[in-house]
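Student: Could we go through this structure together, asking at each step what a word rests on?

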Amino acid sequence: MPYGDAMNARVRSEERRAEIVRAALEVIAERGYRGASLAAVAERVGLTQQGLLHYFPTKEALLVAVLKERDQWDAVPATRWRIDLLASLVEYNAMRPGIIQTFSALLGESVTEGHPARGYFTDRYRQVRESMAAVLRTEYGDRLPNGLTPERTAPLLVAVMDGLQYQWLLDPDAVDMPGAFRDFLALLGEEA
């Protein structure tokens, strides 16, 4: 196969993989991981299930691709995070409910034993807590104005972000996710 043809085939394959991942995001958002089937994803992109398996040999491989894709959208080097960027991230998340719904559904399911995303989320949360502690340390030093250390505050910060997402998904008209998160950030700066 000539070089140009091989390059075109690879590009088409990558585009098809991206299309499959987008369809999987939609199906998982609608049905959850356990309710999502390879057949449903294949149907969305006009493939047979066997055709989809050419790109992703297992449902777990497709899940990993979905999670990696989602992380790419939020990718900011840990050294570049700042408190104001966290507020911007929450505002950005409010503009993409489908992605947040998919992430939340997968997170909720992953707490069960044997779920294929359990290890991913366990590692992700460890990294996020470490990153948030570093952000807080850069902003406030060894102690926040409320007396807590960055390491003690980081899990609270992450819990507020995720908890607000769940509340917003359930009742978006009643929960101003970006506003509530800004209120929480104001609490971090108050004296204990």
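Tutor: Let us begin with a term: helices (H or I, at least four residues) and strands (E, at least two) are DSSP runs, numbered from the N terminus. This is a predicted model, in which local features need pLDDT of at least 70 and side-chain atom pairs count only at pLDDT 80 or more, while totals for chains, interfaces and linings use all residues. Residues are numbered from 1 along each chain as its sequence is written, and side-chain values use heavy atoms, with hydrogens and water left out.

Student: What separates Phe-181 and Phe-184 in helix 9?

Tutor: Because these two are three residues apart in helix 9 (residues 177-188), about one helical turn separates them.

Student: How many aromatic pairs does a search of the whole structure find?

Tutor: The search finds three, where rings of Phe, Tyr and Trp (its six-membered ring) pair if their centres lie within 6.5 Å, and planes under 30 degrees apart count as stacked, over 60 as edge-to-face and the rest as tilted.

Student: Why is the pair of Phe-103 and Phe-121 called edge-to-face?

Tutor: Their ring centres are 5.4 Å apart and their planes meet at 70 degrees, so the pair is edge-to-face. This pair links distant parts of the chain, with Phe-103 in helix 6 (residues 97-110) and Phe-121 in helix 7 (residues 118-140), 18 residues apart.

Student: Why is the pair of Phe-181 and Phe-184 called tilted?

Tutor: The centres of these rings are 6.5 Å apart and the planes are at 35 degrees, so this pair is tilted.
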